[in-house]
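Morning, everyone. Please have a look at the model first, then I'll walk you through it.

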Amino acid sequence: MSPKLIATTVVCALACIVSAPALAKTSTKSGTPYYLALGDSLARGAQPNASGRTVPTNHGYADDLFKTEAKKISGLKLVKLGCLGESTTTMINGGKCSYAAGSQLAAAVKFIHKHNVVLVTLDIGANDVDGCVTPTMQIDGTCLTKGIASIKANLPVILQKLRAAAGPHTKIAATTYYDPFLADWLNGAGGQAIATASVPLDLQINTALIADFHAKKVRRADVATAFMTYTPFTTTTTLAGHGTVPVAVAEICKLTWMCAAKPQGPNIHANPTGYRKMASVLAAALR
């Protein structure tokens with residue numbers, strides 16, 4: 001057999017071994033480049049309006065990050081598929097927001113297959129556990145355990161499907177979560193107990209998220225650390241109207257609507273300053 005024929009045979013054999021889906025994962029699409037923002041209400045830039053109703057805005061972290069990345073990627077367009085109230089379960093199965101594909105994850109995978117997606121960001125998991133703080137500001141341990149179990153079961157599925165659709169070279173970055181319940185520190189001894197208990201729980205949730213990010217080769221944007229969530233309560237500063245408070249508490253007041261006056265506050269979502277902070281953390285992770 002001639003060398004040329006041998007080479008041709010080897011190439012054909014390899015082509016037969018590699019499946020069509022695998023080839024699709026490594027193909028490079030052309031056309032308009034897209035930034036796809038996925039997740040929950042933070043991915044939509046949700047904030048309270050003047051009457052206190054939480055609504056999507058164009059002033060979220062995805063919008064801020066898009067402005068930064070558009071300077072680097074010519075013709076970049078932003079598509080936001082995030083859903084207010086989305087959990088890891090509903091992101092996979094649907095039921096919270098309406099998507100033609102049935103769920104946010106299915107819609108994202110379909111979009112990635114059809115378009116030149118060069119960047120994906122994700123925040124998901126908060127709604128698996130946010131309902132675990134009761135109206136009387138007690139932490140429901142059973143609820144929390146169930147929520148963390150959902151994150152551990154569902155997030156690898158979400159990340160795997162996104163990575164498989166996007167291929168190995170597309171940048172995917174996912175965020176950890178800040179702790180909105182730090183603001184309860186301002187509500188007397190009972191609130192301070194809640195704030196203190198919330199930090200290790202936030203760490204537990206973020207530790208689970210980070211483990212999955214690492215396993216699926218997704219870049220970590222550590223929003224929790226950027227918001228100074230784990231700064232010891234003994235490290236203090238001055239907060240207008242409240243005197244000396246822990247730095248972690250002051251930061252959550254500065255970066256979210258948790259300490260705002262009614263009707264806009266308290267609201268767990270980031271404010272414009274907080275969203276800009278989140279965008280800067282994501283931008284750093286994508287470098």
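**Confidence, a helix pair and a disulfide**

Start with residues 1-27. Their pLDDT, the predictor's confidence in each residue from 0 to 100, stays under 50. The model gives this stretch eight contacts beyond four places in sequence, a contact being heavy atoms within 4.5 Å. The chain averages a pLDDT of 90, and 89% of the residues score at least 70.

This is a predicted model: local features need pLDDT of at least 70, side-chain atom pairs count only at pLDDT 80 or more, and totals for chains, interfaces and linings use all residues. Numbering runs from 1 along each chain as its sequence is written, and side-chain values use heavy atoms, with hydrogens and water left out.

Now the helices, which are DSSP runs of H or I, at least four residues, numbered from the N terminus; strands are E runs of at least two. Take H7 (residues 141-166) and H8 (residues 188-215). Their axes, lines fitted to C-alpha atoms over the stretch in contact, come within 9 Å and cross at roughly 20 degrees. That makes H7 roughly parallel to H8, the term for angles under 35 degrees on a 0 to 180 scale between N-to-C directions. Among the residues in contact are Leu144 and Ile148 of H7, and Leu201 and Phe213 of H8.

Next, disulfides: cysteine sulfur pairs within 2.5 Å. The count is three. One joins Cys83 to Cys97, S to S 2.0 Å. Its S-S torsion is about 85 degrees, so the disulfide is right-handed. Cys83 lies in the loop between strand E4 (77-80) and helix H4 (88-93). Cys97 is in the loop between H4 and helix H5 (104-114), 14 residues apart from Cys83.

Notes. Angles under 35 degrees count as roughly parallel, over 145 as roughly antiparallel, 65 to 115 as roughly perpendicular and the rest as oblique.
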